[in-house]
Amino acid sequence: MSNVNLTVNGKLHSLDIDPDMPLLYALRNHLELNGAKYGCGLGQCGACTVIVDDQPVFACVTPCAGMQGRHVRTVESLGTPEQPGPLQQAFIDTQAAQCGYCIAGMIMRAQALLEHNPQPDAATIRAHMASNLCRCGTHLRIIEAITRVVENGGLHVVHN
Amino acid sequence: MSHRKRWTLAAIALGVGGLAAAFGLMWRPAIDPIERPMAFEPAQIARGAQVVTAGDCAVCHTRPGGEYLAGGLPLVTPFGTLYSTNITPDAQTGIGQWPLEAFQRAMRDGISRDGHFLYPAFPYTHYRLLDDQDLADAYAYLMSGPPVHQPATPNRMRFPMNLRPLVAGWNLLFLHSAPLVPTAQASPQWNRGRYLVEGAGHCGGCHTPLNLLGAEKTGQALAGGVVDGWAAPSLLGLASRETPWTQAQLVDYLQAKVVDGHGTAAGPMRPVSQELARLPRSDVEAMAEYLLSLPASPHQPATLGTNAVASAESSSLGSDLFQAACAGCHGAAAPMRSIDGRPALTATSSVQAPASRNFIKTVLEGIAPTPGEPGPAMPPFAASLSDQQLAALAAFVRGQAAPDRPWPALHSTIQALREETP
């Protein structure tokens with residue numbers, strides 16, 4: 001065990017954990033941020049996707065040992081049940097979730113795209129989202145949700 | 001006539017002669033366009049499909065997400081960026097108006113139907129070894145496909161390489177390969193393998209080092225090169241390495257499988273191996289037989305002896321990073337290894353290689369799954385590992401595989417490759 005410093009959603013945490021712990025375990029088991037899910041543990045499904053600095057990463061294969069001085073963001077940073085963020089609202093509006101297990105990862109991967117590129121075309125959205133899988137098969141609604149945010153003007157536009 | 005006059009006349013004559021010679025060198029006639037020929041035997045079209053597959057035409061002539069063989073893939077060269085062209089039978093933007101004669105001239109001499117010089121990124125130095133039958137079959141296949149209207153993307157070549165007639169000089173220097181004469185001393189399979197490797201397969205395009213003008217260095221055929229930041233390893237002495245390749249391993253590797261003791265094709269070799277997986281196994285066995293017969297190079301670089309010993313601190317970081325990022329698939333107890341029988345990372349050729357380049361490239365970019373193709377997939381780690389962590393990880397993995405031969409210059413290699421990674 002040793003001290004690992006993690007900056008998550010703008011807050012600095014000092015955790016007494018094994019430095020070889022994957023980031024996902026620290027988020028879920030030590031910080032109780034349960035949005036990111038454990039899917040395959042192999043970086044193949046994307047259920048654990050979070051944003052590190054400005055890039056989407058698979059938290060299940062991202063070492064805590066590498067997070068010193070870097071900024072981790074999880075789905076919890078995007079909004080609350082009362083005030084969901086633009087992507088969260090669009091996912092609700094399009095009923096993009098079926099079982100919901102993949103959705104936090106989907107939203108974070110989409111968030112990273114729209115922060116870089118507020119007006120991606122359909123092919124760019126598809127290519128960017130290809131690494132995240134939904135076993136229920138709601139990919140079409142997920143794409144629809146992201147497209148709605150793009151059409152409504154992007155992440156900074158809040159519709160009530 | 002005065003001396004002066006005579007000299008002037010001689011100079012003019014020389015100048016005119018020089019111009020005429022340059023013109024003769026740099027000018028090629030257009031070949032008249034034709035109506036797209038349609039009537040080919042299905043058997044010939046099927047044979048042509050295999051020639052086109054063996055030639056990896058689609059690997060360069062199809063851009064990601066683009067129409068099959070409609071071109072548009074950027075090829076970054078030291079002289080600028082080229083875009084592959086449309087080789088579907090579209091009349092306006094493809095090769096639909098090309099007679100067989102024009103196709104043969106392009107494949108053997110690098111001249112387009114309208115007479116302009118093609119850049120040698122198009123491997124006509126190899127394709128010229130194809131026999132008439134294979135060229136006619138490939139032509140039949142290409143002419144029988146669906147035409148796609150997709151105009152060529154303009155190349156962005158730097159001066160003076162944006163002047164195509166200069167390729168005439170390049171051809172004069174480097175376009176010498178003569179048709180292969182089958183060797184009676186070797187088996188028909190070996191001869192077939194050599195024909196595929198040196199001809200359609202154009203393995204030397206990546207695996208032979210290039211000179212300053214971008215031509216394959218003579219005398220160093222298949223001795224190893226660099227392509228898109230990846231090491232294209234030497235193909236010489238494959239059978240006499242520390243971890244020698246067997247025929248069965250090489251055939252499997254060439255057909256995109258995961259091979260015990262060596263790993264699987266990644267980087268630019270991945271799409272090539274996926275194409276080879278579509279060839280009859282006998283053809284790939286022939287290629288493997290030929291490749292395995294190549295003796296080790298006398299110029300093979302000596303293994304670098306370095307005394308660099310990883311500090312205890314960085315190796316504990318490397319071990320932590322490996323546990324968190326890699327062990328889920330590559331650890332000894334990982335299901336991928338215990339159930340699926342994947343080889344230990346320490347046995348793969350990229351970890352055993354004298355340089356760290358391919359290990360670093362694989363970790364940065366991962367191995368993207370190909371939609372519709374079976375095969376391994378690995379996530380990219382460019383966003384989650386810093387340069388320093390990647391160096392610690394590489395040193396740790398290499399330390400497990402070859403403790404007495406640490407990789408030299410890890411930090412500078414990582415920095416250079418990171419800059420190239422999109």
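What percentage of the 422 residues of chain B count as buried? The share is 38%, where a buried residue has 20 or more other C-beta atoms, placed from the backbone, within 10 Å of its own. The structure is a predicted model, in which local features need pLDDT of at least 70, side-chain atom pairs count only at pLDDT 80 or more, and totals for chains, interfaces and linings use all residues. Residues are numbered from 1 along each chain as its sequence is written, while chains are lettered from A and ligands numbered from 1 in the order in which they are written.

Chain B contains 18 helices and five strands; helices (H or I, at least four residues) and strands (E, at least two) are DSSP runs numbered from the N terminus. Along the principal axes, its C-alpha atoms fill a box of roughly 85 × 65 × 45 Å. Among the contacts of chain B with a separation of 6 or more, 66% are between residues 24 or more positions apart, a contact being a pair of residues whose C-beta atoms, placed from the backbone, lie within 7 Å.

Helix α1 of chain B covers residues 3-26. Its 24 residues should span 34 Å at 1.5 Å a residue, and its end C-alpha atoms agree with this, being 34 Å apart; the expected span is 1.5 Å times one less than the number of residues. The number of buried residues in α1(B) is zero, so this helix lies largely in the open.

The largest nonpolar core has 75 residues. Such a core is a set of buried Ala, Val, Leu, Ile, Met, Phe, Trp, Tyr and Cys residues joined through C-beta atoms within 7 Å. The members that touch the most others are A:Ala36, A:Ala59, A:Cys64, A:Ile107, B:Leu393 and B:Ala394. Helix α3 of chain A (residues 103-116) gives the largest share of this core, nine residues. Beyond its neighbours within four places in sequence, B:Leu393 is in contact with B:Gly318, B:Leu321, B:Phe322 and B:Leu385. Another core, of 57 residues, lies apart from the one above and includes B:Ala70, B:Ile87, B:Ala140 and B:Ala266.

Chain A is divided into domain 1 (2-77) and domain 2 (86-151), with bounds from an automatic or database domain assignment. The C-alpha centres of the two domains of chain A lie 21 Å apart. In chain A, 14 residues of domain 1 are in contact with 13 residues of domain 2. On the side of domain 1 of chain A that touches domain 2 of chain A, β3 (49-52) and β4 (55-58) each supply at least two residues, and β3(A) gives the most, with three.

Terms used
Contact = placed C-beta atoms within 7 Å. Buried ≥ 20, exposed ≤ 12 C-beta atoms within 10 Å, placed from the backbone.
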